[in-house]
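Good morning, and thank you for the time on today's agenda.

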Amino acid sequence: MASAGPPPPERNLSLPGPNRPKPKKTRRSLSYEIKYKIIQELEKGTRQVDLARQHGVNESTIRTIKKDAAKIKEHMNITKSTGASMIKYFHNQVLLKTEKLLVSYLVRQARRNMAVDTRSVKEYARELYAAVSRKMGITEPKPFNASSGWLQRFKMRNKITNINIGGEEASADRVAAREFPPFLREIMEEGQYTDDQVFNMDESGLFWKKLPPKTFVVKNASKIRGQKLQKERITVLFTTNDSGTCKLKLSVIHTARKPHAYKSMDMTKLNVHWLTARKAWMFSALSLSWFDDCFVPDVKKFCEQQNVPFKILLLLDKAPGHSPLLLDRHPNVKVVFLPPNTTSILQPMDQELICNVKAAFSTKKFKLLNDYTNTREALRNLSDTTTDSKSEDDEDQQLAEQQVLLKQFWRIFNIKKAVDFLVEAWDQLSVATVRHAWRHVLQGIPAVRQSQSVTGEVQTVAVAVDLAREAAQSVTAAGFSETTNDDILEVIRDPAVTTDEMVDDDDVSEEAGGASSQEERRLSHSNFRGAIECIEKVTLLLSDDPDANRYEIFTTQLLQTMEPYIKVYHDNINTSRQQSITEFFARNPPQPAQASDSDRGRDSDDDFEGFVREALVSVDDTDEDSPEGQ
């Protein structure tokens, strides 16, 4: 048996060959900031090979960055304007649009002090997804289930921390509603408030041009050029006391400081208090203005006229638009907030008063519409020489002319006329109706009336709605005769916006938000600086908080919230300084030094330091006039 030969030599792995392992290549990722700087260098004429060597990448990478220059610039513009540290690009454009509209919906619900629960948000998201798909013409969109995981990620992406999305059932808190009347009784007994001195205010949106859904104007609204009949919205503030003896002047929130209908009038001498807001919504600062300029002067005047002590108890709901600073805003006015999610049970204005006023407003509107169309129709008939029976063509022509008259009416029915109708409906509200609306919140409280006689009957919402329906049915135009009580309730209520309305509103806002509107609204450099100074003052005022952990959490979240504006502020400063230095050097080009001795050198150094100081002074002087905000 032959002996085994010597073992084969071990393969030297360091020798070159096909089995030699290749060194692992490290992949370098360039941030958008670096890519943006590379694009700027390319635009200045820097060679691609030099940039590749400088950043340690292949030249092909530089060519790819040059190719995607437009997309990179768009990304940087978005991050600069929003302050986002990261942008997640959705391949599903329908979902991207859906989430954008869902954020708007949640903000609206929060402004209306409406509780939302997890289940309703998911259901609304699915309906909104379907509506967006229809609007975009996508018959088979990607599946979307609105899962719990998606909802959590959606809240994180959009930083939804100040909108309460409750559990599976977010409804009226009946336990808190039962406990509040005894609490209010103690306050009234301690402060010795009479029924004349206890007030309630609530605001409600009003689509003052809204019509029943079956009318031809609503069905053909898209064909009426320039008419957004369903979108003409104002917010009305209703305030009355428990005794019904004081219904304060209405306050109306509109988007315009002075609408065309009031062009020849003094806005401080109207039959209502005129307030303005960008979207005609109540917000925190505006509630303070209403309190200082409207409520306090009016109620003080009432107390003087009725010889009642100026000592007021004001009940408000906990809507986000009601500032917590109202609690100690005035020494003679004690503000008490109703418990959350009890508005539908306790708040007097929400019981029947606002619905009564809106129904009466609709009745007046429909009667005016009927008078207008009938009068014009009568004039047309007088001028018609044919008195015999008319053919079908004549009837069709008459219907078309009637529709034209109706469209003309809506063009002349302006905000002034609508406000006048509102004031009339508010004034016609009986004392008995007002007192009846306070029965829940004052349950168990002895009735101490300043005036023992109660005038008028309780005006129920059902009767008011019946009158509005009859007035609508009397309008001789297509569709009005089919109006029902449910149609009237839909007109007068301020309901949660539907998914289709959300999509339509977004389209309208995009059409209106052109270049001209963008130029009208800008934040100046001083706006950013003032906001940052206010934040610094807030942190300083709370710096003595004994709970250090609470203070740390608050200041951290506050700075995170302000981060987008702080970034824009810094960008404006840097841009302004660079522009100012560039302009300074353009006006004063530095001269080359000609001296070589040490003395001359020192002089040159001094001159250069002075030169730099002068440049920086000129920069500081121009900080106030830096480019206006984004």
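Strands β3 and β7 run parallel and are joined by three bridges. Before I continue, please note that this is a predicted model. Within that pairing, Asn200 has Leu315 of β7 as its bridge partner. Strand β7 also pairs with β8, residues 333-337; these two run parallel and are joined by five bridges. Here Leu314 has Val335 of β8 as its bridge partner.

How many of the five residues of strand β7 are buried? Five of the five, in the stretch 312-316, so the strand is largely enclosed by the rest of the structure. In a regular strand, side chains alternate between the two faces of the sheet. In β7 both faces are covered: Ile312, Leu314 and Leu316 are buried on one side, and Leu313 and Leu315 are buried on the other.

In soluble globular proteins, nonpolar side chains tend to be buried together. The largest nonpolar core here has 63 residues, and the members that touch the most others are Trp274 and Val441. Helix α12, residues 348-382, gives the most to this core, with nine residues. Leaving aside residues up to four places away in sequence, Val441 touches Phe180, Pro181, Leu184, Leu315, Leu338, Leu346 and Pro348.

In α2, residues 48-55, the buried residues are Leu51, Ala52 and His55. Viewed down the axis of α2, these buried residues fall within an arc of 100°, so they line one face of the helix. What do the buried residues of α2 pack against? They pack against α1 (32-44) and α3 (59-67). The face of α2 turned away from its buried side carries Arg53 and Gln54, which are exposed. After α2 comes Gly56, with a positive phi near 70°.

Most residues other than glycine have a negative phi. Ala146, however, has a phi near 55°, and Gln192 has a positive phi of about 55°. Ala146 sits in the loop between α6 (118-135) and α7 (148-157), while Gln192 sits in the loop between α8 (174-191) and β3 (198-207). Which of these is buried, and which is exposed? Ala146 is buried, with a relative accessible area of 3%, whereas Gln192 is exposed, with a relative accessible area of 61%.

Finally, a pair of helices. Two packed helices are described by the angle between their axes and the distance between the axes. The axes of α16 (residues 461-473) and α17 (residues 485-492) come within 9 Å and cross at roughly 105°. The two helices are therefore roughly perpendicular to each other. On the α16 side, the contact is made by Val465, Asp466, Ala468, Arg469 and Ala472. On the α17 side, the contact is made by Asn485, Ile488, Leu489 and Ile492.

That concludes the presentation, and I am glad to take questions.

Key:
Residues are numbered from 1 along each chain as its sequence is written. This is a predicted model: local features need pLDDT of at least 70, side-chain atom pairs count only at pLDDT 80 or more; totals for chains, interfaces and linings use all residues. Side-chain values use heavy atoms; hydrogens and water are left out. Helices (H or I, at least four residues) and strands (E, at least two) are DSSP runs, numbered from the N terminus. Buried means under 20% relative accessible area, exposed over 50%, partly exposed in between (1.4 Å probe, protein chains only). Two strands pair if DSSP finds at least two bridges between them. A nonpolar core is a set of buried Ala, Val, Leu, Ile, Met, Phe, Trp, Tyr and Cys residues joined through side-chain atoms within 4.5 Å. Contact means heavy atoms within 4.5 Å. The arc is that of the directions from the helix axis to the C-beta atoms. Axes are lines fitted to C-alpha atoms, for helices over the stretch in contact, and angles run from 0 to 180 degrees between N-to-C directions. Angles under 35 degrees count as roughly parallel, over 145 as roughly antiparallel, 65 to 115 as roughly perpendicular and the rest as oblique.
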